[in-house]
Amino acid sequence: DLTPVLSKPVSRTIDIPGELQPFLIVGLRARLPGYVERVLVDRGSTVKEGQLLIELSAPELATRIAEAESKVQSARSDHLQAQAQLGAAQSLFERLKQAAATPGAVSGNEVVQAEKQVDAAQALVLSRQQSIRTAQAAVQSQQDLQAYLKITAPFDGVVTERLVHPGALAGSANDPPLLVIQQIARLRLVAAVP
């Protein structure tokens with residue numbers, strides 16, 4: 001038996017359950033250990049991107065910043081001392097060089113030693129400059145950490161959970177999130193297709 005082949009669009013409609021979920025969802029945690037000073041939002045609060053949500057305090061961080069700043073001052077002091085030594089070595093070298101122009105006044109070895117002292121003093125000055133830059137980078141690093149004490153909203157959304165109150169210690173790796181924010185202005189449809 002033969003049957004003619006017919007071209008028809010194939011379609012099949014099925015009903016499957018789906019779930020609307022927030023497009024973005026995030027649990028906010030503290031990057032640094034600290035005490036919760038203020039929680040500026042509550043469950044159901046609408047937040048904008050960059051809005052301050054929680055303020056933490058970490059007194060030991062202020063101490064570390066002060067310590068790092070004192071190291072910068074110490075490095076600057078060492079740098080000034082090295083510059084003074086370089087100036088003295090250069091002055092001695094120039095005088096010995098002028099005196100060496102008169103035959104027999106100064107031995108050639110003393111001029112070479114004075115020149116090497118100038119080179120060593122220049123290397124010390126460069127080393128002290130690098131120490132200042134390193135100390136300033138340490139101060140900047142601590143100040144950057146201080147910015148983590150203010151937790152802000154990563155996107156526009158709604159606070160769906162608030163799990164922290166003022167006075168609590170936050171920042172441990174095992175702690176639950178402080179807040180949960182969901183973006184509900186845009187939703188995601190999740191459906192299991194067999």
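First, the conventions. Residues are numbered from 1 along each chain as its sequence is written, and side-chain values use heavy atoms, with hydrogens and water left out. Because the model is predicted, local features need pLDDT of at least 70 and side-chain atom pairs count only at pLDDT 80 or more, while totals for chains, interfaces and linings use all residues.

I start with the nonpolar core, meaning a set of buried Ala, Val, Leu, Ile, Met, Phe, Trp, Tyr and Cys residues joined through side-chain atoms within 4.5 Å. Buried is under 20% relative accessible area, exposed is over 50%, and partly exposed is in between, with a 1.4 Å probe and protein chains only. The largest such core has 23 residues, and Leu-53, Ile-54, Leu-56 and Ile-181 have the most contacts inside it. Two or more residues each come from β2 (34-39), β4 (52-57), α1 (59-100) and β8 (179-191). Helices (H or I, at least four residues) and strands (E, at least two) are DSSP runs, numbered from the N terminus. The strand β4 gives the most, three residues. Apart from this core lies another, of 11 residues, including Leu-86, Ala-89, Ala-114 and Val-125. In soluble globular proteins, nonpolar side chains tend to be buried together.

Now single residues. Contact means heavy atoms within 4.5 Å. Setting aside neighbours within four places in sequence, Leu-53 contacts, among others, Leu-28, Val-39, Val-47, Ile-151, Leu-179 and Ile-181.

Leu-178 sits in the loop between β7 (169-170) and β8. Is Leu-178 buried or exposed? Leu-178 is buried, at a relative accessible area of 6%. Not counting residues up to four places away in sequence, its contacts include Leu-28, Ile-54, Ile-151, Glu-161, Leu-163 and Ala-170. For Glu-161, 17 residues apart from Leu-178 along the chain, the C-alpha separation is 8.2 Å.

Gln-182 is in strand β8 and counts as buried at 17% relative accessibility. Beyond four places in sequence, Gln-182 touches Pro-22, Leu-24, Ile-25, Phe-155, Gly-157, Val-158 and Thr-160.

Last, the sheet. Two strands pair if DSSP finds at least two bridges between them. Four strands make an open sheet, ordered β5-β4-β2-β7, with antiparallel pairing. The antiparallel pairing of β2 and β7 has two bridges, and Gly-34 has Ala-170 in β7 as its bridge partner.
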